[in-house]
Structures are given as structure tokens and as C-alpha cells.
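Welcome, and please open your viewer.

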Amino acid sequence: MSLPLRPFRQVNVFSALPTGGNPVAVVHGAEGLTDEQLAAFARWTNLSETTFLLDPTEAGRDAGADYRVRIWTPGGELPFAGHPTLGTAHAWLEAGGEPRGQDVVQECGVGLVRVRVQGPREDTGSGQRLAFAGPPLTRSGAVDDADLARIARSLRLEVSDVVRSAWVDNGPGWVAVQLRDADVVLGLEPDLVAMGDLKLGVVGEYAPGTGPAGSSGTGADTSTSTDRPAVEVRAFVPSIGVGEDPVTGSLNAGLGQWLAGDVLPSSYVASQGTVLGRAGRVHVEKLPDGEVWVGGDTVTTIVGEVAL
């Protein structure tokens, strides 16, 4: 039995380089697929996330949604994730989608998420810089002693090495720690077995003007001291079948809600994926009303059809 062909894109997010950030697989016109088919395809792509574009629900459309997306990892479905949100919006717009309002409005497991086109990619003018409004945290506040001890053990550190910690969960389940500096973050060799079901984000600051160059996406050093990354971020998620996520929008949104405008500037750039050979750049901005926008370059790397 032949399966229907559905439009397919693989979109690179958080880098203008086609292979520099975090890819997301996007299946257009996913109506009629079962949960088992969605899960099987997500396992087959073996990416950190695969998304499926659908028409919004009636309630979602009434609330302003332009489309609905379901987000799957190799280990199951997520109510929200950041780089799939930007990659899916990019794919929807590229396929001819037209938002009904000023922003693209995505319907997903956490409700409605706004996505904004910030402009063309800086290096070539092709592709797009997109940003999403971080959804409210579903869990915030202090990390208890038992969880903090487990986090330190899984990072092969002492609890005293953790500068500060907090829950920053906006759907996937993030808990985060700040370490002394970016070099400590880059040097981590975590024990993923000890980490268990934790979805752990780690952040460390660079000294001003010393973050890695190449933010233009070309690989060339066009960065000035003021636009170099302020922090290095890493995300460990072994429980969903991905040991380390290359570049993570939802985590960076949570970190921005926690640290921006206080420990960090209200607007900054985060570097992520360095250890994995990626050049991820995440643009975080916290507005005076507390809303956090998370942006990055998006570019289509693969276009075609998938039999599904």
C-alpha cells in the first residue's frame, strides 16, 4: 500500500549556517496521522524534535491561532519547545502561510504562542530572524537540597560549585543552574545515567567581550566586543533520547525569565552548541513588563516530500 506524500522541510534554527544550529523536521499537512505514526516518524528522524503542522482547533482558531503544531522527541510528545516553534513558523511562512494578525500565532500543548518576524538573516539577507514570546513558567523558584545534590552529582561537581539554581519550566520540565563561568560550562563531562529524568540547563557567563566570534553565521569573525555572546548554555535531556540538545529555545526563554534584567542584561546573546561543533546564537530580550522574547536565525536546509 502506497502512503500519501506530504510536504516536508528540515529547518536549521539559531544559526544562519545551514548546519550550524539545531535542525527540526517539519511535516506539513499532518491531518489524519495517528499518535503511533507521529511517534514512529520522530524516532526515525532521530532529531531532538520533529513537528507536525495541522489546522488549528476550533477553539484555537477562535482565539487567533494561525496553525497548530504537535512537537515530538524520539522519547515522546512535548507541550512546547522553542527551536521547533521557530522552525515550524519558518516552514509555515515559507510554504505560503499568512498570519491573520501582526504576529504569527501558534497553537500547541501550552496554548497560544506568538512568533514575530524580526527581519532577514544578517549575513546574506536570505532566511529569517524569528522570535517567540516565552510562555509563562509552569514551575519556578528554589531547587530543593536533594535535587541540587543530584544535579551536582550528575555534572560531576560539588554543590558548592553551583552559583545559583532555579526551576525554569515552561513546559518541557527545565531546572537550571548557573556555574562560575563559561569555561566551567564548556568543560562539563556529565554523568547522563546519574542525571536520570532531569531536564537540566546549565549557564555560565563570559567575561565581557570574550565570547566566541562568528555570530554572523558565516564562520568569519565579524563580531564586535559588544555583540559577542554573554553566556554559554548547555542543555542535557537524556530521558527523551537526546543526551545533549544542540540549541534550546525553551531553556533560553526560562533562563531569560530567571536571569535577564538582574544577573544578566535585559538583552543579551547566548551561545549554545559549542561543544557539539555547532554555532548556535540565541537572542534574548526581557521587556519592562517581564515578557521575554527569544530569537534566532532560521534557514531551510532540506525541502521535499515524505511518505507518511
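Select Asn 46 to begin: this residue counts as exposed, because its relative accessibility is 57% (exposed means over 50% relative accessible area, buried under 20% and partly exposed in between, with a 1.4 Å probe and protein chains only). Before moving on, note that this is a predicted model, where local features need pLDDT of at least 70, side-chain atom pairs count only at pLDDT 80 or more, and totals for chains, interfaces and linings use all residues. Residues are numbered from 1 along each chain as its sequence is written, and side-chain values use heavy atoms, leaving out hydrogens and water.

Asn 46 sits in the loop between α1 (35-45) and β3 (50-54); helices (H or I, at least four residues) and strands (E, at least two) are DSSP runs, numbered from the N terminus. Look at the backbone here: phi of Asn 46 is near 60 degrees, a positive value in a residue other than glycine.

Next, select Arg 156, in the loop between α4 (145-154) and β10 (162-169). Its phi is also positive, near 60 degrees, and Arg 156 is not a glycine. Arg 156 is exposed, since its relative accessible area is 56%.

Now go to Lys 286, in strand β16 (residues 280-286). Is Lys 286 exposed or partly exposed? Lys 286 is partly exposed, because its relative accessible area is 22%.

Show what surrounds Lys 286: leaving aside neighbours within four places in sequence, its contacts include Gly 256, Ser 266 and Glu 291 (contact means heavy atoms within 4.5 Å). Finally, display Ala 133: its C-alpha lies 9.8 Å from that of Lys 286, though the two are 153 residues apart in sequence.
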